[in-house]
Amino acid sequence: MSFVITDMNEALKKHKLSSQDYDEIFKILGREPNLVELGVFSAMWSEHCSYKSSRIYLKGFPVSAPWVIQGPGENAGVIDISGGYAAVFKVESHNHPSFIEPHAGAATGVGGIMRDIFTMGARPVASLDSIRFGEIWRDDAIGKKHKYLLRGVVEGIGSYGNCMGVPTIGGESSFEQCYNGNILVNAFCLGIAKSDEIFYGRADGVGNLVIYVGSKTGRDGLGGAVMSSDSFTQDSKALRPTVQVGDPFTEKLLLEACLELFHQNLIVGIQDMGAAGLTSSSFEMADRSGSGMKLYLDKVPMRESGMNAYELMLSESQERMLICAKRESYEEIKKIFDKWELNCAVIGEVSDSGAMELYWEEERVGFIPIKPIVANAPVLNRPTKKPAYLDSVSKQHYTQSPLSQQEMFKKLLGSIDICDKEWIYSQYDSSVQTNTIIESGQGDASAIRVKENGVALAMSIYSPIRYCYLNPQEGAKIAVATAGRKCITRGARPLAISDCLNFGSPENPEVMWQFKEVCEGIKLASKALDMPVVSGNVSLYNQTEGIDIYPTPTIAAVGINNDATKIIDSAFKVAGNCVVLLGRIDDGLDGSVLQKVLYGINGGNVPAIDLEAELRLWNLTLEAIEKNIIISSKEVGNGGLAITLAKMALFGNIGIRAKNLRVAIAPLTPSQTQKNLESKTPESKEYIFAQSQSCIVAEVAKDNCESLKTMAKDAGIPFAILGEIGGDRLCIDEIDLSLAELREIFYTSFSHYIH
């Protein structure tokens with residue numbers, strides 16, 4: 001079969017390779033590539049696989065700690081959770097495929113991240129999602145399209161996760177104009193494994209077998225990695241063949257077969273066939289071991305007739321794994337996969353050549369040195385430029401509204417950014433496996449118990465997209481801190497994060513400046529808060545017709561409480577208990593949801609975060625929860641203090657009276673130190689909607705208020721008693737509404753946006 005290229009310039013264009021790329025390819029091979037080899041280089045050097053534009057900024061992330069077993073570089077990160085067990089987790093994007101085919105794209109995103117987890121020997125036990133859409137509320141083509149996209153994405157996430165029997169226990173959603181041309185679908189999964197039984201993607205031992213297991217290979221997903229490394233035009237229909245088609249029932253069989261395989265200790269290494277399919281999995285396994293590999297592509301199980309070597313190397317068909325095993329283990333391995341009715345075929349062997357040798361019916365159709373294609377992947381130091389828009393938006397400060405507090409509050413509570421999203425999370429099974437402690441719709445982080453060792457794991461996913469647009473570095477710091485703070489309010493110490501960095505075109509210097517600044521913010525926050533980055537993903541080219549998305553660094557944090565019975569939620573519990581504020585409220589409303597709801601803009605200055613104060617707040621809150629002083633808690637997030645109090649009242653179905661807050665809160669001015677706690681009365685009535693950082697609202701029994709006040713003073717954390725729990729009304733300053741009125745606004749508003 002001939003794969004000779006007759007028009008190299010046209011072939012390079014089709015494969016998104018530059019003339020400089022071609023020069024390096026010629027240098028590596030010592031000759032012109034054929035079509036199979038060019039396809040391999042195209043996939044391996046795509047943004048999606050090589051991180052060629054982002055790699056220089058990812059260096060320097062804190063990646064290690066005493067509890068980190070595996071950091072970046074494998075399928076997922078691994079941390080020790082005591083008792084001989086480990087948590088394995090990662091967040092990853094499936095943005096472009098979900099925009100083209102929302103159901104299939106979102107479903108295969110979930111399937112792919114789950115394979116990243118169980119390929120390391122862990123059983124997936126919890127999932128989160130972070131999804132972002134455009135102006136869904138519009139009564140035009142854009143609104144109609146994004147309603148369709150939302151329905152498809154939610155159905156895809158739900159159907160795949162539900163069929164796999166893995167609970168989706170939390171997530172976040174947002175809706176902004178910048179996502180009209182590019183939606184974002186980020187999927188997170190966490191699994192549990194024994195800490196001494198982690199499996200890695202390596203292909204060691206000359207003569208060991210390379211074994212293909214799982215579904216047969218088809219033409220779906222062909223060129224998916226390259227597609228995900230390019231910008232969109234308005235016409236995305238032509239890209240539909242590049243979207244993978246998933247089968248969760250086959251993946252469930254693959255999961256069980258792989259876990260059985262791991263228990264019998266029959267393999268050397270294993271790798272998911274994800275982006276770039278057989279190409280990336282084989283090259284990565286060989287590269288990690290410094291070995292070579294021979295692949296006999298006509299031995300690959302195929303579900304379509306007439307397939308060739310090029311298609312087999314680049315197909316991204318789902319539910320497939322590549323295994324390296326000793327020859328004497330093959331029969332036992334095959335028995336396991338036969339039992340689960342899955343394909344299992346020897347398609348190659350490990351060699352000492354240092355090269356990938358590709359054969360088709362005994363003819364060699366490719367010979368590529370492995371180390372150079374990985375080590376010599378282009379590293380681009382693209383131009384950076386501070387965005388021109390920052391000069392204008394920085395001057396668009398929040399202006400005081402003529403509306404009353406109650407009028408503003410009702411608008412906020414029913415806004416698409418604040419109102420309950422039960423329509424989304426009710427489609428996900430959150431209780432399967434029976435380990436869920438706190439699920440979606442209960443505020444802040446979700447939590448599960450780990451029955452094997454009695455601990456609880458809290459996990460959250462978050463990105464302050466409006467802040468990241470106004471100040472990428474400060475926004476990224478807030479993203480890391482907030483994701484961790486959400487775990488803290490559950491009583492769980494954050495141990496590590498996984499990041500998914502979603503940006504526009506790297507060919508735009510302003511986008512690369514945003515990326516550089518976000519990476520610096522993540523570095524600073526993760527170091528200060530002792531939360532290393534153990535896994536992650538970069539998604540670039542989220543751009544359509546030259547319009548880039550907001551910089552969107554999605555941060556997933558995982559925390560631990562060594563006693564699962566100590567996990568607390570955000571629901572008010574007991575009438576007569578005090579509600580207190582730990583931290584300070586300021587007047588900052590720039591970039592807030594209130595600014596968006598009232599004026600339709602995003603401008604001004606991002607509230608700075610004091611990471612040292614943040615860490616002190618964490619330590620104080622954890623100590624108070626451990627001592628049973630704090631009964632319920634919630635961080636002050638979107639919508640500020642008023643929305644936080646309303647949600648805690650709704651979750652607990654009990655009211656609160658919090659009057660004269662201006663005097664009670666007494667926020668600090670920027671010039672004041674933590675030791676100088678003199679009061680300053682807030683200047684505007686909107687202060688209860690300010691999205692101040694490093695603030696937690698807590699429920700405390702009256703007898704314990706003085707103890708917590710003393711602890712807060714010792715920690716240098718401002719403390720204020722806000723009010724008392726009880727009754728069936730929400731009374732905050734000028735706001736006075738019944739719980740029934742709150743429920744009607746909060747729980748029904750989202751349906752008006754999607755119908």
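# Salt bridges and overall build of a predicted model

Lys486 and Asp444 form a salt bridge in which the closest N and O atoms are 3.8 Å apart; a salt bridge here is a side-chain nitrogen of Lys or Arg within 4 Å of a carboxyl oxygen of Asp or Glu. The pair joins distant parts of the chain, 42 residues apart, with Lys486 in helix α19 (residues 472-488) and Asp444 in the loop between β14 (436-438) and β15 (446-450). Helices (H or I, at least four residues) and strands (E, at least two) are DSSP runs, numbered from the N terminus.

This is a predicted model, in which local features need pLDDT of at least 70, side-chain atom pairs count only at pLDDT 80 or more, and totals for chains, interfaces and linings use all residues. Residues are numbered from 1 along each chain as its sequence is written, and side-chain values use heavy atoms, with hydrogens and water left out.

**Overall build**

- The protein has 26 helices and 28 strands.
- A compact globule of 755 residues would have a radius of gyration near 27 Å, and the 26 Å of the protein agrees with that. The radius is taken over C-alpha atoms, and the globule rule is 2.2 Å times the number of residues to the power 0.38.
- Along the principal axes, the C-alpha atoms fill a box of roughly 85 × 55 × 45 Å.
- Of the 755 residues, 64% are buried. Buried means under 20% relative accessible area, exposed means over 50%, and partly exposed lies in between (1.4 Å probe, protein chains only).
- Among contacts with a separation of 6 or more, 84% are between residues 24 or more positions apart. Contact means heavy atoms within 4.5 Å.

**Surface and charge**

- The accessible surface comes to about 26,400 Å², and carbon and sulfur atoms account for 48% of this. Accessible areas come from the Shrake-Rupley method with a 1.4 Å probe; for residues, only the protein chains shown count as cover.
- There are 73 positive and 92 negative side chains, and the centres of the two sets lie 3 Å apart. Lys and Arg count as positive and Asp and Glu as negative, while His and the chain ends are not counted. The place of a charge is taken as NZ of Lys, CZ of Arg, CG of Asp or CD of Glu.

**The Lys486 site**

- Lys486 is buried, with a relative accessible area of 13%.
- Apart from neighbours within four places in sequence, Lys486 is in contact with Asp444, Ala445, Ser460, Tyr462 and Glu635.
- The salt bridge partners belong to a network that links Asp444, Arg485, Lys486, Glu614, Lys634 and Glu635.
- Lys486 and Met512 are 26 residues apart along the chain, and their C-alpha atoms are separated by 29 Å.

**Other salt bridges**

- The structure holds 37 salt bridges.
- One of them joins Asp417 and Lys596, whose closest N and O atoms are 3.1 Å apart. This pair links distant parts of the chain, 179 residues apart: Asp417 is in the loop between α16 (405-413) and α17 (422-425), and Lys596 is in helix α21 (residues 593-599).
- Asp417 counts as buried because its relative accessibility is 18%. Lys596 counts as buried because its relative accessibility is 14%.
- Glu724 and Lys702 also form a salt bridge, with the closest N and O atoms 3.0 Å apart. Glu724 is in strand β26 (residues 719-725), and Lys702 is in the loop between β25 (696-700) and α25 (705-715), 22 residues apart.
- Glu724 is partly exposed at 36% relative accessible area, and Lys702 is partly exposed at 46%.

**A buried glutamate**

- Glu699 is found in strand β25 and counts as buried at 0% relative accessibility.
- Not counting residues up to four places away in sequence, Glu699 touches residues including Lys573, Asn577, Cys578, Ser632 and Ile725.
- Glu699 and Arg743 are 44 residues apart in sequence and 21 Å apart in space, C-alpha to C-alpha.

**Positive phi angles**

- Glu341 has a positive phi of about 55 degrees although it is not a glycine. Glu341 lies in the loop between α13 (330-339) and β11 (343-351) and is exposed, with a relative accessible area of 71%.
- Asn653, also not a glycine, has a positive phi of about 55 degrees. Asn653 is in the loop between α23 (640-652) and β24 (656-658).
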